[in-house]
2 protein chains.
Amino acid sequence: MPTNPDLAERRPGQVPLLLAITHRAMTDHFHSRLAELGREPLRPAHGYTFRYLAGHPGATTVDLAAHLGITKQAASKAVAELQDWDYVQRQPHPLDKRAQSLTLTERGREYVRLADQLWAEVEQRFAEVIGPDRLAALDRDLRAYIDHVYGDQPVPLRPVW
Amino acid sequence: MPTNPDLAERRPGQVPLLLAITHRAMTDHFHSRLAELGREPLRPAHGYTFRYLAGHPGATTVDLAAHLGITKQAASKAVAELQDWDYVQRQPHPLDKRAQSLTLTERGREYVRLADQLWAEVEQRFAEVIGPDRLAALDRDLRAYIDHVYGDQPVPLRPVW
DNA sequence: GCGATATAGTCAACCCACTTGACCATTTGA
DNA sequence: TCAAATGGTCAAGTGGGTTGACTATATCGC
């Protein structure tokens, strides 16, 4: 079993790096599947924007910015772009005339469904390599750690896709 | 055991996200330890630059660029900066008058030792949460996947610290 | 050897996602 | 009721990267 020279010696403290590499490999896999399907890949922040709006329809730009951990200006720009591409709709907010109510369009929801499916495929390949039981254990371990670190507080959802 | 609402329902395809969040949490932990010690945090690409030069003394800027997956111009700029801060030395290459031979200074090596130690601390806290046996299993699983994806080929070492 | 071509590195211009700062319109609350 | 807080926009700046053009040295085919 030939392990890459850079990772040959096992040192304490290497697990964070292994996590990064693994995540990077999965992300690359995801994007190449997207490309195979001829779908535009959108960009890093977009994935989390979709995911947030799918779960919180009617959110405002400021809500989104807080969730993504970026400024409202940056969030506004991203939303404008997604609106241009017909993934997101901005409507007048029912209660606050300053605000806009953001929702995914049908096209946006369709993209989220596809992304969900592709991520599931990626995870599936991981499961095939390490075994489904190990996947379940790993899922549980990561959740335990995340819960330990953040508890009920909002989890920063920034890096990637 | 209160799990964050965004992660409450367990869906297939969520593991890549869990990996990202976990890595992000570990990175934040690393940086806050660095800040506690009053050390300048340097920046994303610097960590991998250090790591590479520590393992490949005498490498050239082009080598480094290839390793990091960035252009030689970008690598050159990063090296210049690290040299200004006395972490890296550029010397005439013994065999090629066009090239420069890059090595870490003692200050650079000291930083790498500190970083190694802090990452080990971070990993240790992870181990305390999930248990040392789980950590070992996770280490093994991630390596198996990375090996499956990249085999002997160079692993892209870009994202983070 | 010699000339064509490849390679190490630099300088300069540009790009993109994000930031800070200033501002307007509306809402909130003492 | 009016001062302060909040949602959103515009404009300028920044950081880490890019592409492109160039010089100096190396290498390879003949």
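**Exercise 1. Placing a residue with positive phi**

In which loop of chain A is the place of Asp86(A)? Work out its backbone and exposure too, bearing in mind that this is a predicted model.

*Solution.* Start with the place: Asp86(A) sits in the loop between H4 and strand E1 (88–92) of chain A. Next, check the backbone. Phi of Asp86(A) is near 65°, a positive value in a residue other than glycine. Last, count neighbours. Asp86(A) has 11 C-beta neighbours inside 10 Å, and the cut-off for exposed is 12 or fewer, so Asp86(A) counts as exposed.

Now try chain B. Asp86(B) is found in the loop between H4 and strand E1 (88–92) of that chain. Its phi is near 65°, again a positive value in a residue other than glycine. With 11 other C-beta atoms within 10 Å, Asp86(B) is exposed.

**Exercise 2. Sketching chain A**

*Solution.* For the dimensions, take the principal axes: the C-alpha atoms of chain A fill a box of roughly 60 × 40 × 30 Å. Then look at burial, where buried residues make up 33% of the 161 residues in the chain. Finally, take the contacts in chain A between residues at least 6 apart in sequence: 48% of them join residues at least 24 apart.

**Exercise 3. Where the two chains meet**

How many residues does the contact take from chain A and from chain B, and which helices supply the side of chain B?

*Solution.* Count first: the contact takes 49 residues from chain A and 48 residues from chain B. On the chain B side, helix H1 (15–36), helix H5 (106–130) and helix H6 (132–150) each supply at least two residues. The largest share of that side, 15 residues, comes from H6(B). By class, the side of chain B that touches chain A has 31 nonpolar, seven polar and 10 charged residues.

Then zoom in on H6. The axes of helix H6 (residues 132–150) of chain A and H6(B) come within 11 Å and cross at roughly 120°. That angle makes H6(A) oblique to H6(B). The crossing of H6(A) and H6(B) is left-handed. From H6(A), Arg134(A), Ala137(A), Leu138(A) and Asp141(A) meet Arg134(B), Ala137(B), Leu138(B) and Asp141(B) in H6(B). Split by class, the contact of H6(A) with H6(B) has four nonpolar, no polar and four charged residues.

**Exercise 4. The surfaces near the DNA**

Which residues come nearest to DNA strand C, and which to DNA strand D?

*Solution.* Take DNA strand C to begin with. Of the 21 residues around it, Thr71(A), Lys97(A), Thr61(B), Ser76(B) and Ala99(B) come nearest. Now trace the helices: helix H2 (44–55) and helix H4 (72–84) of chain A, together with helix H3 (61–68) and helix H4 (72–84) of chain B, each supply at least two residues of this surface. By class, the residues near DNA strand C divide into seven nonpolar, seven polar and seven charged.

Of the 21 residues around DNA strand D, Thr61(A), Ser76(A), Ala99(A), Thr71(B) and Lys97(B) come nearest. Here helix H3 (61–68) and H4 of chain A, along with helix H2 (44–55) and H4 of chain B, each supply at least two residues. The surface near DNA strand D divides into seven nonpolar, seven polar and seven charged residues.

Technical notes: Residues are numbered from 1 along each chain as its sequence is written. Chains are lettered from A and ligands numbered from 1 in the order in which they are written. This is a predicted model: local features need pLDDT of at least 70, side-chain atom pairs count only at pLDDT 80 or more; totals for chains, interfaces and linings use all residues. A residue is near a molecule or strand if its C-beta atom, placed from the backbone, lies within 6 Å of it. Helices (H or I, at least four residues) and strands (E, at least two) are DSSP runs, numbered from the N terminus. Ala, Val, Leu, Ile, Met, Phe, Trp, Tyr, Cys and Pro count as nonpolar, Asp, Glu, Lys and Arg as charged, and the others, Gly among them, as polar. Two residues are in contact if their C-beta atoms, placed from the backbone, lie within 7 Å. Axes are lines fitted to C-alpha atoms, for helices over the stretch in contact, and angles run from 0 to 180 degrees between N-to-C directions. Angles under 35 degrees count as roughly parallel, over 145 as roughly antiparallel, 65 to 115 as roughly perpendicular and the rest as oblique. A crossing is left-handed if the near helix is turned anticlockwise from the far one by less than a right angle, and right-handed if clockwise. A residue is buried if 20 or more other C-beta atoms lie within 10 Å of its own, exposed if 12 or fewer, and partly exposed in between; C-beta atoms are placed from the backbone.
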